[in-house]
Amino acid sequence: MYNKIINLKDFSYYLCQTSMNILIVNNTPIPATKYGGTERIIWWLGRELNRLGHKITYLVGEGSSCPFAKVLTYDPTKDLDQQVPDDIDVVHFQFQVSGFTKKPYIVTVHNNPGGAQLDLNSVFVSANHAQRHGSTVFVHNAIDTADYQIPDLNNKRIHTHFLAKAAWRIKNVKGAIDVATMSGNKLVVLGGTRLNLKMGLRFTPNLNVRFKGMVGDEAKSIVMNSSKALIFPVLWHEPFGIAIIESLYFGCPVFGTPYGSLPELVPAEVGLLSASKTELAAGLRNVESFNKHYCHQYAADNFNIAKMAAEYIVLYERILNGETLNSAKPELINNDQPKYLPWNN
């Protein structure tokens, strides 16, 4: 059982010596084999926390399994206080909760929740994400590189790639296709199909584009190991964008729009941001000016799972010491945003 720590001055000592019983809660199953940003993040986080000596339990969707943690089935019809075991020290929710009082907890906000007031212990996934909701509390997402192929930074790069749910119009797969075509590059779309019924019977006849559908980390690794760049022209304020970090890890610079977390995640050394398809296409023609090794090392240094887990441990400690993460309930500051942000020629 966790013993309350009054002084965090020697936190590195406690990080090694104090084991916590941590419950991670989400309303979908784990593991995610092909797609699932939140599911992959909580899997990696739990695995790293377990490696550090903490006891991990998941309360997740029906049909879940996990080799390194106990798994309980989340029941959306049942009171959460009744579903959380008595021996848990801290609860890490992945969705907003109401009326939960049994244990200290935090809530990671993974999406853009609109105008709703959020929990006082909400944690955002980028500084921009937090700032847009009047908060300063965030932990960057990360990847666990153990689940990917080793990047081959000397491999010949023969195409570009798009990595997102292509059925979401805000991800702007059409814009990515335009940028690739204008720059004279082939495009591989990971996360979509040529015939898209979810977007009103949309068919993409451009044979310069290959569609791979929803793929797992191994298939993504193969594509990114031969890709010149990620094209990521999103039309909303992206909360984080795991695709950005995955691509940089494989040495692929990022060509995207300057919205949400992108200016925070993509400095000029590892990509180009513009709301103009013409500017992005022009930059992509000079993609060789970016250093693949630098892109890889930047991602490895700044967005690794050990760093993310350590930052969440600090927040768990704060909660266990009786702190509240935000002084006021976070809420979207500017609710007067267009459905789709500008995308110009």
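1. A quick definition to start: rings of Phe, Tyr and Trp (its six-membered ring) count as a pair if their centres lie within 6.5 Å. Keep in mind that this is a predicted model. With that in hand, look at Tyr74, Phe93, Phe95, Phe100 and Tyr105, which form one aromatic cluster. Over the whole structure, a search turns up 14 aromatic pairs.

2. One of those pairs is Trp43 with Phe68, an edge-to-face arrangement with 5.1 Å centre to centre and 75 degrees between the planes. What does this pair tie together? Trp43 sits in helix H2 (residues 37-51), while Phe68 is in the loop between strand E2 (55-60) and strand E3 (70-73), so the pair links parts that are 25 residues apart in sequence. Both Trp43 and Phe68 are buried.

3. Tyr312 and Tyr316 make another aromatic pair, this one stacked, at 6.3 Å centre to centre and 25 degrees between the planes. The two are four residues apart in helix H11, so about one helical turn separates them. Are they buried or exposed? Tyr312 is buried, because its relative accessible area is 2%, and Tyr316 is buried too, at 0%; the cut-off for buried is under 20%.

4. Now for the largest nonpolar core, which has 84 residues. Tyr312 and Tyr316 turn up again here: along with Tyr58, Leu187, Phe232 and Ile244, they touch the most other members. Helix H11 (residues 305-320) is the top contributor to this core, giving nine residues. Domain 1 (11-142 + 307-321) and domain 2 (146-301) each supply at least three residues to this core. Apart from it there is another core, of 14 residues, including Leu23, Leu59, Phe93 and Phe100.

5. Which residues does Tyr312 contact, leaving aside its neighbours within four places in sequence? They are Leu45, His92, Ile106, Thr108, Val123 and Val139. Ile106 and Thr108 belong to strand E5 (residues 105-108), so that strand is worth a look next.

6. In a regular strand, side chains alternate between the two faces of the sheet. In E5, Tyr105 and Val107 point one way and Ile106 and Thr108 the other way, and all are buried. Tyr105 is also one of the aromatic cluster from the opening point.

7. E5 has a partner in strand E4 (residues 90-93), paired in the parallel sense over three bridges, with Phe93 standing opposite Val107. E5 is also joined to strand E6 (residues 122-123) by two bridges, again running parallel. There, Thr108 stands opposite Val123, and both of these residues are in contact with Tyr312.

Note on methods: Residues are numbered from 1 along each chain as its sequence is written. This is a predicted model: local features need pLDDT of at least 70, side-chain atom pairs count only at pLDDT 80 or more; totals for chains, interfaces and linings use all residues. Side-chain values use heavy atoms; hydrogens and water are left out. A nonpolar core is a set of buried Ala, Val, Leu, Ile, Met, Phe, Trp, Tyr and Cys residues joined through side-chain atoms within 4.5 Å. Buried means under 20% relative accessible area, exposed over 50%, partly exposed in between (1.4 Å probe, protein chains only). Domain bounds come from an automatic or database domain assignment. Contact means heavy atoms within 4.5 Å. Rings of Phe, Tyr and Trp (its six-membered ring) pair if their centres lie within 6.5 Å; planes under 30 degrees apart count as stacked, over 60 as edge-to-face and the rest as tilted. Two strands pair if DSSP finds at least two bridges between them.
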